[in-house]
Structure formats: C-alpha cells, structure tokens
Amino acid sequence: MPSPRWTIAGLGLLTALSAVLFVLAPVRQDVTTYEWPTAGTAQNTALPLFPYTPEQLDATFGCADAATLGNGLVLSTTPPTAVAGEQPSSGGLTVLAQDGAVTVSLGDETVVDRHPLSTGDCTVTVQSGQGGTMVRIDGDPAAHSRTTPVVNGLFTDLQGQTDLRVSVVPDTRYESSPSALKVALGATAIVSVLAMLLLLSRWESSLTRPVRLLPRGWWRPKGPDIAVTVTLLAWTIIGAATVDDGYIITMIESATDTGFVGNYYRWFNAPESPFSWFYELYRPFADVSGAAWWMRVPSLVLGLLSWLLIDRVLLPRFAKGLARTARWAAAGVFVIWFVTFGIGLRPEPWVVLGTLVVFALVERALATRGLAPLATALVVAGATLTITPTGVAAVIPFVIALPRIVRLLWARGAMSVAVVLGACTSALLFMFYDQSVAAVLHSTEVRTAIGPSFSVLDEGRRYEDLFDFLQGGLNRRLPIMLMWLAMASLIVLLLFKRTPKVAPKPTIRLLAVSTLFFGALAFTPTKYTHHFGALAGLGTLLVAVLVHTIVRGALRRNWERSLFTAVLGVTVWIGLAAPLRWWFLSGLDVKWNLVEPGISNITASEIALVAGLVIAVAGLFGAWRLLRQPGWFVAVVAVGTVAIEVGTMAYAMVPRWDTYTTGRANLASLSGGSCGVEDWLRAEPDISAGLLRADAPARLEGFTVNGGFPDDSRPLAPYGTTAAPVWGSDSAGSLTTGWFTLPEGASAADAPPLVVPAAGAGAVSASVQYAGSDGQVVREERVRLDDEGEWSDARFDPHGATRVRVVATNDGDGWIAVGTPRLPKVVPTTELVPTSERVALDWVDAFALPCRRSAQLADGLTQPVRYRFATGPNLRWLTGMSFLTGPGGPYAPLYQLGTQTPVPTYLEGDKLFEPISVFRLDYPVPLSGVTITHTVR
C-alpha cells in the first residue's frame, strides 16, 4: 500500500491555496441609494447617515430656482438653526442664494463665494465622493474641495415643483455577504484541512502504539466536578454580568439588520474582523431569547469543558498521583476565575478553552512525537488568536516548545512543511469569513485612529486599575495574586529541585507560557483588567501544581512551611483588601459590594494576614506536627472565597425578592416570560397627573411664582411643564409651602416615591418636612440639588407620614427654584413603549433589558427612534461615546436632528433608586419624501 505522505502534503497545500484565495475572493456589497425630492416636490427630510459622510453625493439645481428664491437656502445637508436638535451639527453642505448669486460651503469652508447666477437655464452640480467635492456650473468646474460633507438631512427653502435633485449613496462597505466563489473556496479549505488532519492522525497511529488521551474512568464525576458544575450553574442564574455584556448583546442582535457583527456603539459600527467569528455562534441564541441566563449558556459550557480539560488531561501531565487537596484547590481557584471573568458574553472563556486545548495538544505532540496533534494545535491556535487580541496566549506554547517542535518537524521531512502551512493558513478563514480584505483593513484603521490605543509603556494602567480600591475588587485581584504566588513559589522549588511528584519540564513550560503571556498583554491596545480572564486556565494549573507538590512533601522543614504560610497570608491580605465589585445592577444589595468584607469592624484581609502570621510562628514551635503541611490552606482560601462570592450574591435576592436583581429576573425568565429589570420598571408619562394639592397658600419672602428670573437664564419649570406652581428666587428669601396631604398607600413598598423637583446653585438649600394628621413636624430631609444647576427630581419615602411640605431658603448668593411635589401616576414601561418598538439603548444597561432591540443601523442610516432607554444617573457618564461624533457614535445624528425630554422612571420595590432612565426623542423634521433603491455591487 503506497504511503499517504504525498496525499497529506497535497491536502495541506490545497488548504493553504484555498485559504489565501478565499481572502482575495470578492464579496457582494449591498448598496443603497436615497433620491430626493419625491415627484419633484421638495420638503425637508431627516436623513441620519451613519457613517456621517456619504460614499457619493450628487446634487443638482437650476439657476432659475435659486434666482427665484432670492435670499434663502437652496440646499443644506445639516439642519438649519430653526430645526436644529440637541447637539450642533457641523461639516454639512450648504448652498445659499443671495441677491442673484450662489454661495457653496462645506462646514466653515467656503467653496464657491457668491457666484452670479444667470437668468437663463444654467445648472449647478455638486458632486462629493472619496476624492472630495467638486462644484460645476453648466458642466464646467467652478471649485473643488478635499472635504466630503456630513449628511443627516436634506433641507431647502424651495417650495413646490423644483429642479432640485439630490442623490445620496451612504458608505455601506461593511454590509456584504460572501460571493459564490468565496463560499466555494472556504468550503474547499475546510474540507481539505479536516481531511488532512484525519489522514495524518490515522497514518501516525498506524506507525506507533496508541497512547491514551483521557485516563480510564474519566467520565465518572468526582466531588470537585460536582462542586464546579453546581457553582457555575448557580452563577449562570444568579451571578453578576460582565462589564461588556450589554455592549456585546447589542452587537450580536444588530447583526440581524446589517449582516455583520459591528461594534455598534462607536467606531462607526466597524466590524470586529479579524477578531469576531465567535460572535456568530451567539446569534442563534439571541434569536431565541435575550434573557441573561440563556445567553450565558455558551460560556457555561466552555467553563465546564475547560474544567474537564484541566482536571482530566492537563493536571495528570504535570502531577503524578494528583492529591485530593490539589484537585479541590484547582476547583476553587478555577471557579474564582470563572465567576468573575468567564460567565458572560466576553471572549475570555473562549480564549481559556482554546489556550488549554493548544497547550494539551502541544504537550501530547512532544510526548508522542506526533505531527497530527501539533497540526491540530495550530488550527486551534489560529481560531483562538482570531477571537480577540488576548488570544495570543494560544500561540505562546509553540514559542516555548520551539526547539523540540523543530526537531519533530525535521523528523517528518518535507511533508511537515505542507502540513504546517495548511494548518496555519486555516486562521484566514476565521479572519475574513464575511468581509473583504479592504473592509478588514479599513475597520482596523478606524479603530486605531479613534482609539483607545495604548502603547507598551502604558501597561501600568492595567495594574493600577487592578489594585484600585473600587475598580479592582477582590474578585479580580485575588485570582491574580494566587497565580503570582504559585509562579514565584514553583520557580523557587524548581531551582532547588524540590518538586516531588511533579514533571519538571512540562511545569517549566507552563511557567514560561504564563510569564510570556503577561508580556504579550503589554502589546494589546486596550488596558482593561477583564483581559486577565484569559489566564483562568493557566492560573488554575499553576496553583494546583503548587498545592500538589507541597502536599507531596516539597516543604520538608518547619521554617519552609512557616515561610510559605506567611507569604500566603500576605498574598491573601493584599487580594482581599478591596470590596466585592460587581458590575452595574449586579451589585444591588450584595454585602461588601462597596466595602471590604469583614466581621465586627475587622476586615477579612486583616484576619487572613494575622492568621497566616500566627500559624507561621506557631509552626516554628511544633504546630506542623498537627497541621502537617500548608498546601490545604490554599484550598481553604479558594473555596472560602467562592462561598463568600456566591453566598452574598444569592442572599442579595432575599431582601429584594419583590424587586429587581439579576437572579430574580432570571428565575422569572425560567418560569415564563421576563423583560429583566422592566418587570419592575415604571414610567410616569404625564407629570401633571400626580401633582399634589396644598391645603394653604405658600409663605413667600423674596420668591416669585411661575415668574422666572430677570435675565431669563434660569429654568422656568421641570420637564418644560407649567401645569403647577414653580417657586423661584435669585435673591435672599425664604419659602414655606402649604401642607400637601398624601393619599392612602403612599408609603407602600410598591408605591412610587414622593418627588420634589428642584434646581439651584450657590448658597441655597431646600428640605422636605413630614407631619402626621395633626400637622406637627416629625421628620425633615434635605433636597439634594444638581451640581450643574439643572432640574432634578429629589425622591423620598414618606415612611408613614400623611402630610408634607417644602421649605427653601436663599442666602442671597445664588438662585433656587422648587416645583410642586407629586406622587407620580405610573404605568409599566412596556405599556408606554411597546417591546416591538426599537429604541436607543445605552450599552451599560442593554443586557438588563432583554426585551428591547436597539435602533437599526442598516442601509447607511441610524433609525430615528422615539425613545432612549438610558443608564440611570449614577453611570450615565459612561455612555457618552454613543452620542458623540468623535468616537463614531451611532446616535449622534439623532441628537443633531431631535430633542429629548425626560420621562421619569421608578423601580417598584426600590422607590428611591433609578436604574434606567427613559427619554422621549422628538424630531421637528421626520424622514419622508425620499425614494430608496437597493442594488448589489
């Protein structure tokens, strides 16, 4: 029988050729053209392009129209002052007719300055594209600019029938699909690489004795397996969201509109390519439901697979006769990593599994001298690297084992070159599966230009955040500290050859891979602490190997055991010296979410430090005869930390059972439909409906009623309503309103709060006084004023009071305005805004609103939606990029075209907290009168 070496080599070359041609193959781009006006009758229209500048704009108008207009606006691609929105809109094309002449401007640049218009049938044409903007009169070039105009609408003063014609082709370069040739080449590459790996594996198996990959009885569950599975399952239901879950769920869902996974909230929705293929696997899940627990199922599966790989495949490679204590330590440490970084939509769990698979395959290749596991490892490494930049961790095992890999390849001869080439080029399929080379290069250029993009020298920012009291959190800090402890300890033990029952060479490679990964992190352009999550697998292995060798006798003398215990105490002290910081709404009522954990004013970090030092000293005087060895302390720390994290998260649901928590919403989703936080979110559509009536006139001194201020610079009324009295003062004075009687049930837990609108600045103050039916003041609470001098709703719980009034003072050095108190009349937000209606979503809160779909970004436009569901006031500062042009935010055109009005919201069962804010968006000019044409390029 002939050798299959040539067949295997041929398949490798075929894979490489098909993959390269796959990258170069064409894609089918969807092209949309907007033509205006319809039927020759001009009327203003919104046209919120996204990106803001078009690929091509052609505008034509007759000189007669402009001359007839006299003085006025012939054309503008940004809204004139009379219909402008919340934010200024600059950089648009403006054509003005002035006394028989025409002026053409691009933002602040004047392109044509008062060119006289003849009374004949001359024609002015403006053409914009990648080369800039050209103005022609009767076909002759009149002026040129390198600038392309911003387009978010088409506006004119021309009335009725007109010769004005505008054609706009937005930039839809990312809205593409693979051509038939691209699909065929991709299929060829996939089939050939799989066939190559299969034939190679069979051929090598026929040459050597098979070596078991999994130990006998690997499928039998053990105690640590059950603990890991149960904990991760529980965390899937009750656990905290990761920082980017809201961001990513919107990206995934918006792919239904555009056909590709774009960044959505910034970077002009540029695709994540070449790092995005794994998002496609989430899309079928999102099509079923956006419920948090459901979207976490893939990461749960990844976590369980990673644990099995650690426990069944990798640990036996490092540790001979794995100690039970080491297995429990591994389980505890792995769960610490995974509940913090893994259960969610971020890419870290994919990198963890990919890195572990690659490490296991490389070790198997070295142990068996097999090319098949090495080639498979290269394919997996390529897939992992194209998940996210931190996927570089999957490449490092090859670097560390390079000398032995080279000898292995040399032994296999020329065939190995073709095999490696085919395996490596398979990564191109993941990088360019849906985009052209030009699109991927452009998206990379956009992300780099806008940033954030930090250099290697900025790597310290990541560690500053890790050890920041509030940004780091013990849940992020402790696993890193334990990993560093294990690395340092193993290095010392290996140097002194004190690692019984541990395979030294694989352990050295494990240490080298981990060390190099920290170096590789420095080259990633962003510096966020959640990137440490990619280390979960390596960190778990290191701690488990350390515990195993200590249990097996690595530390022989009492002083060695005491020294390790003291160092462990210091490590845990640093790791626990921070609050349990969970993201956004996940930390509601979680004990120790804002302060260090502890008991009776003694922090857990101090307890750990003192315990470590006391045991270390006691050990020097014979305590180790009883304690035996300190390896089990690591397991206790890990399992104890897991108990604290999971226990506090579970207990947080108890006092909030009748209101929102992540776990409560997920349990509601399991038992039927749930809209997350909206199950308890209420909106106040009519401010005037809940206004209270005073039983006596207000006592005024220096205050006016509904009068405003002399310079008209102060707000007159909250939310623009004047349906009730507003008291304002810009000089020394005092106000005491009459008593307002509260309706029955105003203090109930599910009732909305008492609301007092107020605004002010300077030496002013306001407070709410409470009384019973006899009118005697029993309690007083201060009204907090907004630092910016804007209207804000101060919210209060009456706590059984039946009457309230407002007292305000102005010491003469500032101004203050107070509105009529109200007890809001509320409706569910799903009644105010049906879930079928698209809305603008802030990235922070999108994961907590599973029934909401974000504004459509398709056909080169941002959909003009009627409502924005924003993050509450505490974290709203994080969401600004979505509304700004600098970062390429999708909602910037909407705020240039429209205005927003707050619609107050309240959380049932937690009346003083505002987790989600709702704003109504109003557009003076709608999108209408435009003809839309779709073609394919």
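**A helix pair and its surroundings**

Mentor: Val333, Ile336, Trp337, Thr340 and Phe341 of helix 9 are in contact with Asn475, Arg476, Leu478, Pro479, Ile480, Leu482 and Met483 of helix 18. The model is a predicted one. Sorted by class, the contact between helix 9 and helix 18 holds nine nonpolar, two polar and one charged residues. Helix 9 covers residues 324-341 and helix 18 covers residues 474-495; their axes come within 9 Å and cross at roughly 145°. The crossing of helix 9 past helix 18 is left-handed.

Seven cavities of 30 Å³ or more turn up when the whole structure is searched. Helix 5 (245-258) and helix 24 (662-670) each contribute at least two residues to the lining of the largest cavity. Helix 24 contributes the most, namely four residues.

An open sheet of four strands, with mixed pairing, is ordered 27-30-33-31. Strand 27 (840-841) and strand 31 (899-903) are its edge strands, each pairing on one side only. Within this order, strand 30 (residues 867-871) and strand 33 (residues 916-922) run antiparallel and are joined by five bridges. Across that pair, threonine 871 faces isoleucine 916 of strand 33.

An open sheet of three strands has antiparallel pairing and the order 26-16-32. Strand 26 (827-828) and strand 32 (905-907) are at the edges with a single partner strand each, so one side of each has no neighbour in the sheet. Three bridges hold the antiparallel pairing of strand 16 (residues 681-683) with strand 32. Here arginine 682 is opposite tyrosine 906 in strand 32.

One hairpin also deserves a look. Strand 6 (residues 101-106) and strand 7 (residues 109-116) are paired antiparallel, over five bridges. Alanine 101 has proline 116 of strand 7 as its bridge partner. Two residues lie between the strands of this hairpin, and glycine 107 has a positive phi near 65°.

Tryptophan 36 is joined to proline 37 by a cis peptide bond with omega near 0°. Proline 37 sits in the loop between strand 1 (27-36) and strand 2 (45-46). The peptide bond between phenylalanine 50 and proline 51 is also cis, with omega about 0°, and proline 51 is placed in the loop between strand 2 and strand 3 (56-62). Aspartate 589, a residue other than glycine, has a positive phi near 60°. Its place is in the loop between helix 21 (558-576) and strand 14 (598-599).

Terms used:
Residues are numbered from 1 along each chain as its sequence is written. This is a predicted model: local features need pLDDT of at least 70, side-chain atom pairs count only at pLDDT 80 or more; totals for chains, interfaces and linings use all residues. Side-chain values use heavy atoms; hydrogens and water are left out. Axes are lines fitted to C-alpha atoms, for helices over the stretch in contact, and angles run from 0 to 180 degrees between N-to-C directions. A crossing is left-handed if the near helix is turned anticlockwise from the far one by less than a right angle, and right-handed if clockwise. Contact means heavy atoms within 4.5 Å. Ala, Val, Leu, Ile, Met, Phe, Trp, Tyr, Cys and Pro count as nonpolar, Asp, Glu, Lys and Arg as charged, and the others, Gly among them, as polar. On a 1 Å grid over the protein atoms alone, a cavity is a set of points where a 1.4 Å probe fits but cannot get out, and a pocket is an open set with protein on both sides within 12 Å along at least five of seven lines; lining residues have an atom within 4 Å of a point. Grid points are joined across faces, edges and corners, and a volume is the space filled by probe spheres set on the points. Two strands pair if DSSP finds at least two bridges between them.
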